[in-house]
Amino acid sequence: MGVPSGPLLAYNAVESANRLKKPPMTVRQLPEQIVNRIAAGEVVERPASVVKELVENAIDAGASRIDIFTDGGGRRRIGITDDGGGMTRGDLALAVDRHATSKLDDEDLLRIRTLGFRGEALPSIGAVAKLAITTRHVSEPHAWSLAVEAGEKSGIMPAALSQGTRVEVNDLFYATPARLKFLKTDRTEAEAIREVVKSSAVSRWRGPTLRSRWPAKSARRSPGPRRCRAPPGG
Ligand SMILES: Nc1ncnc2c1ncn2[C@@H]1O[C@H](COP(=O)(O)OP(=O)(O)O)[C@@H](O)[C@H]1O
Ligand SMILES: [Mg+2]
C-alpha cells in the first residue's frame, strides 16, 4: 500500500478545522513556577549539565580547587564545593532568581570574560530539583545557606563554612518526573559527568584542581578520588 499523502492531508485539514470550532482558550500568563520549569528544560537537560553549570560558577568565582561528588549518575545527588570568593547574604538571596547575575556589570554583551552571564543556572536547577547552597564571603562574619525546592525559596540561615561555596543538588527532576524518563542508566549519566569534568579541566589548564568522587556502585572502575588537572598547554 502506498502512502496516502493526498487524502491524509485533506483529512488532517478537516480535523484541525474542527478543532478550531471548539471554544477558544483564553490567553493567560503562566504562573512563575511553571515558566521557570519550562525554562529549566533549556539549561538542565541531564545531570552532566548541572555539573557543567556548577563547575563553571566555581571557576568564575576564582576557585583554586573544586570538589565534585555524584551519586546515582548525578540524579540522586550532586555536590560541588569550591574555595572561591563566595557570596554575601544579599547576593545569595538574589542568585537563585532568574536573570540575576554578578557577571554583566556594564551590560556590554561583547565583553564577557566569564563562563556564565545569563543568570539562569541556579534558578533552573532550583526549579526541577532540591537545591541547597552554603556560601561564605570574606566580608561576612560567617556563612549563609539557602534552599530551593521545586522553585520554592527557603529563608536564609546562618551556616558553617570556612570559605567558598558548597552547592548540593538532590533528586534531580523530582519536580518534573516526565524528564526522568529521558535519562539513561546511572552508569551512562556518570560517564557524561566524567566527560564534563575532564573537558572543564582540559579547557582551564591553569585553572583550579578538580577532584571528583563517585560512590563505588555507580563507578565503572576505581571508585576512589581522582585528581584532574589539565596538562600544561592543554
Ligand atoms: N560557586 C559560586 N561562588 C560564588 N558565586 C556564585 C557561585 N555560583 C553562583 N554564584 C553567583 O550566583 C550568580 C547566579 O549564578 P548562575 O545562575 O549560574 O548565573 P550566571 O553564572 O550566568 O551569573 C552568579 O552570577 C554569581 O554571582
Ligand atoms: Mg552560572
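The following legends describe close-up views of a predicted model of a protein chain.

**Figure 1. Overview of the protein chain.** The chain contains seven helices and nine strands. Of its 234 residues, 33% are buried. Among contacts with a separation of 6 or more, 68% are between residues 24 or more positions apart.

**Figure 2. Packing of helix H2 against helix H5.** Helix H2 spans residues 32-43 and helix H5 spans residues 121-128; the two pack at an angle of about 115 degrees, with their axes 8 Å apart. H2 is therefore roughly perpendicular to H5. The crossing in which H2 passes H5 is left-handed. On the H2 side, the residues that meet H5 are Asn-36, Arg-37, Ala-39, Ala-40 and Val-43. Their counterparts in H5 are Ala-121, Pro-123, Ser-124, Ala-127 and Val-128. Sorted by class, this contact consists of seven nonpolar, two polar and one charged residues.

Figure 3. Helix H5 is mostly covered, with eight of its eight residues buried. These buried residues are Ala-121, Leu-122, Pro-123, Ser-124, Ile-125, Gly-126, Ala-127 and Val-128. The cover over them includes helices H2, H3 and H4. Strands also contribute to the cover of H5, including E3 (130-136), E4 (143-149) and E7.

**Figure 4. The largest nonpolar core.** This core comprises 43 residues. Those that touch the most other members are Val-50, Val-51, Ala-58, Ile-80, Ile-125, Val-128 and Val-169. Helix H3 (residues 47-60) supplies the largest share of the core, namely seven residues. Two of the residues named above, Ile-125 and Val-128, are also among the buried residues of H5.

Figure 5. Val-51 lies in helix H3. It is one of the residues that touch the most other members of the largest nonpolar core. Val-51 is classed as buried because 25 other C-beta atoms lie within 10 Å, against a threshold of 20 or more. When residues up to four places away in sequence are not counted, Val-51 touches Ile-68, Gly-74, Ile-78, Ile-193, Val-196 and Val-197. The view also takes in Ala-192, which is 141 residues from Val-51 in sequence. In space, the C-alpha to C-alpha distance between Val-51 and Ala-192 is 9.8 Å.

**Figure 6. His-99, a residue with positive phi.** Most residues other than glycine have a negative phi. His-99 is not a glycine, yet its phi is positive, at about 60 degrees. The residue lies in the loop between helix H4 (89-95) and H5. His-99 is exposed, since 10 other C-beta atoms lie within 10 Å and the class of exposed residues extends to 12 or fewer.

**Figure 7. Asp-171, a residue with positive phi.** Asp-171 has a positive phi of about 50 degrees, although it is not a glycine. Its place is in the loop between strand E7 (164-170) and helix H6 (177-180). With 16 other C-beta atoms within 10 Å, Asp-171 is partly exposed. This count falls in between the limits for buried residues, 20 or more, and for exposed residues, 12 or fewer.

Methods
Residues are numbered from 1 along each chain as its sequence is written. Chains are lettered from A and ligands numbered from 1 in the order in which they are written. This is a predicted model: local features need pLDDT of at least 70, side-chain atom pairs count only at pLDDT 80 or more; totals for chains, interfaces and linings use all residues. Axes are lines fitted to C-alpha atoms, for helices over the stretch in contact, and angles run from 0 to 180 degrees between N-to-C directions. Helices (H or I, at least four residues) and strands (E, at least two) are DSSP runs, numbered from the N terminus. Angles under 35 degrees count as roughly parallel, over 145 as roughly antiparallel, 65 to 115 as roughly perpendicular and the rest as oblique. A crossing is left-handed if the near helix is turned anticlockwise from the far one by less than a right angle, and right-handed if clockwise. Two residues are in contact if their C-beta atoms, placed from the backbone, lie within 7 Å. Ala, Val, Leu, Ile, Met, Phe, Trp, Tyr, Cys and Pro count as nonpolar, Asp, Glu, Lys and Arg as charged, and the others, Gly among them, as polar. A nonpolar core is a set of buried Ala, Val, Leu, Ile, Met, Phe, Trp, Tyr and Cys residues joined through C-beta atoms within 7 Å.
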